[in-house]
Amino acid sequence: MALPVEEWRLCAARRWAALEPALRKRLEVASLHDIVHLGCDLLRAEVEAAVLQRLCRRARTGKEPAAARFYREEGNRLFGRRHYGAAVRLYSQAASHEVPGSPDVSICFANRSAALFYLGCFEVSLEDIARAESHGYPDRLLPKVLLRKVECLLCLGRLQDAADTLSMVENKIDVDGNMTSPTHQTLLKKVNQLKDRIRERESCPEPAGEACAGVQRKSEIWEENASISGASSSLSLKFDRERGRHLVASQDILPGQSLLKEEAFVSVLCPGENFPLQDSSETVWDAQVTSADLYCHRCLRQLLASVPCHRCSYAKYCSQNCADVAWEQYHRTECSLGPLLLTLGVFCHVALRTVLLAGYAEVSRLVEWSHDGGKDLCNPEARCRVLGEAPDTRAGTRGIPGCDDNGQYQSSYQAVFNLLPHAEKHSPEHKFLCLLSVIAICKQLQEAGLEAAVLNQKSSEEGSKPNTCEQTLGGLSAELKTLAEAMLRHMLQLQCNAQAITVMQESGSGDGAVVKKKPVRLATAFFPVLSLLNHSCCPNISVSFSGTAVTVRASQSIPSGQEIFHCYGPHRCRMRAAERQQLLSQYFFECRCQACLDELESDVKSVVSTRNSFCCPSCQAPMQVGEDVLCCSEEACAVSVSRESLSRRLGELQQQINTALELLRDRKADQAIKMLLKCQMDARNFLSPEHLLMGEMEDHLAQVYATLGKWQEAARHLQRSIEIVEMHHGPSSVEIGHELFKLAQVLFNGFAVSEALSTIQRAEEILSVHCGPQSTQIQELQEMKTCLSDLPRSILQRI
């Protein structure tokens, strides 16, 4: 949720409509500085602030013992059914709601360590055992947990540590135990069993395995640009009034070549569509998992055993180090604002975190600089005058906005600040919504006593104090108004410059032999260098993410002098030009890329129009495109059908496909196959054979057959899917790479060795270009290839 919840958007709209016409006119044309000073007293306590308070009560982020009990009991139930992965997530939820240092939270960690042990995650299980001990795990229960620690150490081959821990447990049992109790006898029996295992391992050490080099990883050739942080030396930064700042190839670039490696200046995890917002006072706890439960709130690594914030139940981290760094950098301030930030949306959250990471001194410096620069912030010559530079075109990048005094474009707050906010192009209503939202945050900071921390002061009594006039005018200090202005700027910037950090997440149950994945928006971030790239509906790069880092690679050969293009949203293969233009209007430009020009200014039909078309229900000939009515292209047939009826039929077909996928998730594979085959028959009556949905149905059928172990059938359907995907996206697209990866899995499982090896090779060639040789898919492909190549000749001859 990038923008605030709907109720707050409606509240802001009513407030805007109720303003005096003269004030609305002033706000429409005012600078960001004047907008903040005019609007900081428009958030009325009895109306807008009261609405926010009510909405914030829906976003529960505090510690709640009732929730902890619910999640712990659910975790115990699933643990008893041996669903250890789900149990781990529920114990993590329980721990996030418990008070730190309490025996209850220690029990959550101990229970989670047991589930992790059965998952084979021995190192992480040891970490949880240590957490349980440090949080005061009950002494009477400690021997059982310590015996689990011994087992983990044994599995990791740490025999001396295991023996030392076992000796400590034995001493503790002797001191504390009741020699005749069944529990005591059970513990002693377990101790003796572990002693025997340690002696066996010591007397018969496992032979040292051959040093396994594993899959050889290719090292990427990389020479960093002297002027652009994180960019390859094969790029140069240019500026002109038509295209603004942009990157150009300074030498010939090969497909797969790395062009940019950048860490996000700031990123905020999206809570996920299913994040619970409770309207009623009576809470019904939900065990459904969201992105907020699956990824570290700082580094975005996937979580196995999360470390919760010690004050709120929302923020979770992959390690104590991440939790500590986040607390020092920004979460100390954000923690108590959790409900407000979830209500106001991710863009507001990113704006706040941006100024917290930059620090008040840097924010204030650049806000003051923007005042001196007046309205001509897009003019590099004006910016040079503000910075005291000569607007000399021979100075290379020194005159380009965002560059520092040395002409270097860094991934810094100065570069973020110089991203265009397009303040004059946003609707007045949207700017007002953003204004009220940042004012609400600043007022909350002030009321919660957090202003001093935000201004990097030790306490509210120390440091500079605002004068009485500024402090009372509108209720905000001069310093908070400065922060509000910067945050408003960043909220407006995000509409055009926000980068979605995406991950490939498994869809469905995830227990099939064919792993289906789809891209999911994980976080919203500012990447100042990535933001230099202009848009094309047919880009020449691929973008991939690892945590908070982005890597940009050339997806095709790029000759020297050609601009580097990123796709901001709809690709030419996925949407018609007219529809793309409509969606791209949010970026305040009209796309004139070659793909759009070819489609809009000539007789060339879009890929989408020709391949995602309807066919005649009577003779299956292509239907001629029309606004409301589509006619058969065969004159002898002359059937006409309304677009509305065909669209309705398509919607019904998609619902039936979803029902079939539900049957698959419920392990009713035979019923799923019957329904998907029926869907295919229905689709052939009105969809083009090249329609992308036809390929998706082939893909779904492959997944079902793979769950039944029918590898040849699965491979046959995947090959049909690949044919259709290739028609839409091209033979070297990342989409084809993902399909070939699935086909390689099926052929590998079916021991179709020669076909698997050739498919693996083709998938490697494509995915290494788009994702790089270090990607997990490439590593898995190489492991499959190694396994197949190492099969004994006698087995290969029988296959």
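Predicted model: local features only at pLDDT ≥ 70, side-chain atom pairs only at ≥ 80, totals over all residues.

Trainee: Which strand pairs with E2, and in what sense?

Mentor: Look at strand E1, residues 235-240: E1 and E2 are antiparallel partners, joined by six bridges. Three residues sit between E1 and E2, and the two strands form a hairpin.

Trainee: How should I think about the side chains along a strand?

Mentor: In a regular strand, side chains alternate between the two faces of the sheet.

Trainee: Now a sheet with three strands. What is the strand order?

Mentor: The order is E3-E11-E10, in an open sheet with antiparallel pairing. Strand E3 (258-263) and strand E10 (541-546) are the edges; each has a single partner strand, so one side of each has no neighbour in the sheet. From one strand to the next, the twist averages 15°.

Trainee: How many bridges join E3 to E11?

Mentor: Five, with E3 and E11 (residues 549-554) running antiparallel. A pair to click on is Glu263 and its bridge partner in E11, Ala549.

Trainee: Which helix lies across E10 and E11?

Mentor: That's H31, residues 753-771, and it runs at about 125° to E11.

Trainee: Let's zoom in on one residue. Is His535 buried or exposed?

Mentor: Buried is the word when relative accessible area is under 20%. His535 comes out at 8%, so it counts as buried. You'll find His535 in strand E9, residues 534-535.

Trainee: Which backbone nitrogens does the His535 side chain reach?

Mentor: One is the backbone nitrogen of Tyr568, at 2.9 Å. Another is that of Cys537, at 3.4 Å.

Trainee: And what is His535 in contact with, leaving aside neighbours within four places in sequence?

Mentor: There's a run to look for: Phe565, His566, Cys567, Tyr568, Gly569 and Pro570 are among its contacts. Leu584, Phe589 and Cys591 are also in contact with His535.

Trainee: One more thing, on annotations. Where does UniProt place the "domain: MYND-type" feature?

Mentor: The unreviewed UniProt entry puts it at residues 296-335. An annotation like that may be inferred rather than shown by experiment. In this model, the span 296-335 is 38% helix and 10% strand, and its end C-alpha atoms lie 15 Å apart.

Terms used: Residues numbered from 1 in each chain as written. Heavy atoms only, no water. Pairing = 2+ DSSP bridges. Helix = DSSP H or I, 4+ residues; strand = E, 2+ residues; numbered from the N terminus. Axes fitted to C-alpha atoms, helices over the stretch in contact; angles between N-to-C directions. Contact = heavy atoms within 4.5 Å. Buried < 20%, exposed > 50% of the residue type's maximum accessible area, 1.4 Å probe, protein only. Polar contact = N/O pair within 3.5 Å; in protein donor to acceptor, adjacent residues only side chain to side chain.
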